[in-house]
Amino acid sequence: MEQRAWRTVIALTTRLPAALDTQLQRESGITHFEYFVMTLLSEEPGHRLQLSELAQKANASLSRLSHVISKLERLGWAERVSISGRRGAQAVLTDEGFRKVTEAAPGYLETVRGLVFDGLDKDQTTELLELGEAMLQQLDKGMARGVGRSGRPNSHLDFDRRENR
């Protein structure tokens with residue numbers, strides 16, 4: 001049962017982002033990750049956030065985020081602002097970037113509903129939230145212990161030897 005559940009998680013984590021990417025690129029000319037980053041910035045006071053904090057909220061490496069911010073800067077949708085007296089910089093969503101993310105939102109939300117939430121009732125949506133939060137909590141705990149890092153044996157992933165849980 002674990003193997004089947006895991007394969008379902010893999011299918012969701014690969015197919016859903018691909019479908020969202022397709023919709024956003026077709027309708028708005030942006031990737032799902034670019035949209036996500038701009039959405040995170042749009043929700044912050046002043047539409048700005050320290051790059052390291054934005055990377056954490058976007059579940060991305062600072063390097064990946066930096067590449068995306070550079071692209072958004074070239075498009076006029078974001079800018080980097082140095083923080084006087086401190087290390088690092090802030091990403092700031094421009095007015096044009098805010099318009100872009102606002103224009104993309106209705107199609108994105110319609111796609112998310114059509115691909116996910118239209119197939120779930122209220123109880124299943126609550127269950128999805130609870131399962132997702134539990135999985136993220138376990139992911140954070142496992143990563144804090146070093147699970148998933150190189151040099152660590154992966155015997156705990158041998159699905160065939162484990163009993164149904």
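What follows is a short tour, from the overall layout down to single residues.

This is a predicted model, where local features need pLDDT of at least 70, side-chain atom pairs count only at pLDDT 80 or more, and totals for chains, interfaces and linings use all residues. Residues are numbered from 1 along each chain as its sequence is written, and side-chain values use heavy atoms, with hydrogens and water left out.

**Overall layout**

- The protein has 6 helices and 3 strands; helices (H or I, at least four residues) and strands (E, at least two) are DSSP runs, numbered from the N terminus.
- Reading from the N terminus, the order of elements is α-α-β-α-α-β-β-α-α.
- Of the 165 residues, 30% are buried; buried means under 20% relative accessible area, exposed means over 50%, and partly exposed is in between (1.4 Å probe, protein chains only).
- Take the contacts (heavy atoms within 4.5 Å) with a separation of 6 or more: 50% of them are between residues 24 or more positions apart.

- H2 spans residues 32-42 and is mostly covered, with 10 of its 11 residues buried.
- Among those buried residues are His32, Phe33, Tyr35, Met38 and Ser42.
- The buried residues of H2 pack against helix H1 (2-28), strand S1 (48-50), H3, helix H4 (62-74), strand S3 (89-93) and helix H5 (95-115).
- Serine 42 sits in H2 and is buried at 18% relative accessible area.
- Leaving out residues up to four places away in sequence, serine 42 touches His47, Leu93, Phe98 and Val101.
- Serine 42 and glycine 97 are 55 residues apart in sequence, with 8.7 Å between their C-alpha atoms.

**Rings**

- The structure has 1 aromatic pair: tyrosine 35 and tyrosine 108 are tilted, 4.4 Å centre to centre with 40° between the planes.
- For the cut-offs, rings of Phe, Tyr and Trp (its six-membered ring) pair if their centres lie within 6.5 Å; planes under 30 degrees apart count as stacked, over 60 as edge-to-face and the rest as tilted.
- Tyrosine 35 is in helix H2 and tyrosine 108 in helix H5, so the pair ties together parts 73 residues apart in sequence.
- Both tyrosine 35 and tyrosine 108 are buried.
- Arginine 64 lies over the face of phenylalanine 33, 3.8 Å from the ring centre; a charge sits over a ring if NZ of Lys or CZ of Arg is within 6 Å of the ring centre and within 35 degrees of the ring normal.

**Leucine 51**

- Leucine 51 belongs to helix H3 (residues 51-57), and its 12% relative accessibility makes it buried.
- Not counting residues up to four places away in sequence, leucine 51 touches Leu62, Leu65, Ile69, Arg80, Ala89, Gln90 and Ala91.
- Leucine 51 and glutamine 90 are 39 residues apart in sequence but 5.2 Å apart in space, C-alpha to C-alpha.

- Leu136, Leu139 and Met143 make a nonpolar surface patch of about 290 Å².
- Patches are made of residues with over 30% relative accessible area and no salt bridge, where like charges are joined within 9 Å and nonpolar side chains (Val, Leu, Ile, Met, Phe, Trp, Tyr) within 5 Å; a salt bridge is a side-chain nitrogen of Lys or Arg within 4 Å of a carboxyl oxygen of Asp or Glu.
- Leucine 139 is in helix H6 (residues 122-144) and is partly exposed, with a relative accessible area of 44%.

Conventions. Areas by Shrake-Rupley, 256 points an atom, 1.4 Å probe, with all protein chains shown as cover.
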